[in-house]
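Visitor: Could you walk me through how the strands and helices of this model are arranged?

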Amino acid sequence: MSAQIVMLGPPGSGKGTQAGLLATHLGVPAISTGDIFRSNVSNETELGTLVRGYMDAGEYVPDSVTNALVRDRLGERDAVEGFILDGYPRTLEQVAALDAILEDQGRRLDAVVELVADHTEVVDRLLLRAQTQGRLDDTEAVIRRRLEVYAEQTAPLARVYGERGLLVDVDGTGDIDQVSRRIVSALA
Ligand code: ADP
């Protein structure tokens, strides 16, 4: 199974968890732009200072910042054999940037896995995560905004990747193992 894979799905769809499991299964790194941004915010780096306001408001970080970060990360040694991208691309401009990055590296995407989850279920999961992990962008107002931004900016990506024949839709409901097995067999 080749392993240049993008995971798409709304906040709360479980895409971070599933990206991690799939990455372990395939022996490639899971690369989460959200995690990279969050660790920069907690370490109070220059990048952290730049992105914090956007994240706290549930808005997307500017594409120029995110694209540069991903270009660097995909150039690292551990990503040579493949990667699972979680939370990137999220805009049509990021889709074009990713195409250019991969083309420069002489490779292309193998699949885009879209986790499909019901709206009420994702809101419930995010509110629960707010209680257990205390993420600052998991308040109800910010969750609502993140879902809106996803619907406006990221949902259209499924159509683009669908037209390229790369899209694999997977039902994101059920327990973690069930979803993970569905993903692995959908990619086989
Ligand atoms: P979720 O998908 O659950 O909202 P993430 O951890 O993927 O959580 O992202 C959290 C926040 O990080 C986003 O709301 C956004 O501010 C920022 N972010 C992450 N990835 C991107 C991206 N590809 N483009 C722009 N902003 C991003």
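Guide: Gladly! One term to begin with: two strands pair if DSSP finds at least two bridges between them. Please keep in mind that this is a predicted model.

Visitor: Which residue does Ile5 stand opposite in S3?
Guide: Let's start from the strands. S1, residues 4-8, and S3, residues 83-86, pair in the parallel sense over 4 bridges. In S3, the residue facing Ile5 is Ile84.

Visitor: Which strands stand at the edges of the sheet?
Guide: The open sheet has 5 strands with parallel pairing, in the order S2-S3-S1-S4-S5. An edge strand here has a single partner strand, so one of its sides is left without a neighbour in the sheet. That describes S2 (30-32) and S5 (167-171).

Visitor: At about what angle does helix H2 run to S2?
Guide: H2 spans residues 33-42 and lies across S2 and S3. Its direction relative to S2 is about 60°.

Visitor: Is H4 roughly parallel or roughly antiparallel to H5?
Guide: H4 (residues 63-74) packs with H5 (residues 92-104) at about 25°, their axes 10 Å apart. Angles under 35 degrees count as roughly parallel. That angle therefore makes H4, relative to H5, roughly parallel.

Visitor: How many nonpolar residues does the contact of H4 with H5 have?
Guide: On the H4 side, the contact residues include Val70 and Leu74, while H5 brings Leu98 and Ile101 among others. By class, this contact of H4 with H5 has 3 polar and 4 charged residues, and the nonpolar ones number 7.

How values were computed. Residues numbered from 1 in each chain as written. Predicted model: local features only at pLDDT ≥ 70, side-chain atom pairs only at ≥ 80, totals over all residues. Heavy atoms only, no water. Axes fitted to C-alpha atoms, helices over the stretch in contact; angles between N-to-C directions. Helix = DSSP H or I, 4+ residues; strand = E, 2+ residues; numbered from the N terminus. Parallel < 35°, antiparallel > 145°, perpendicular 65-115°, else oblique. Contact = heavy atoms within 4.5 Å. Nonpolar A, V, L, I, M, F, W, Y, C, P; charged D, E, K, R; others polar.
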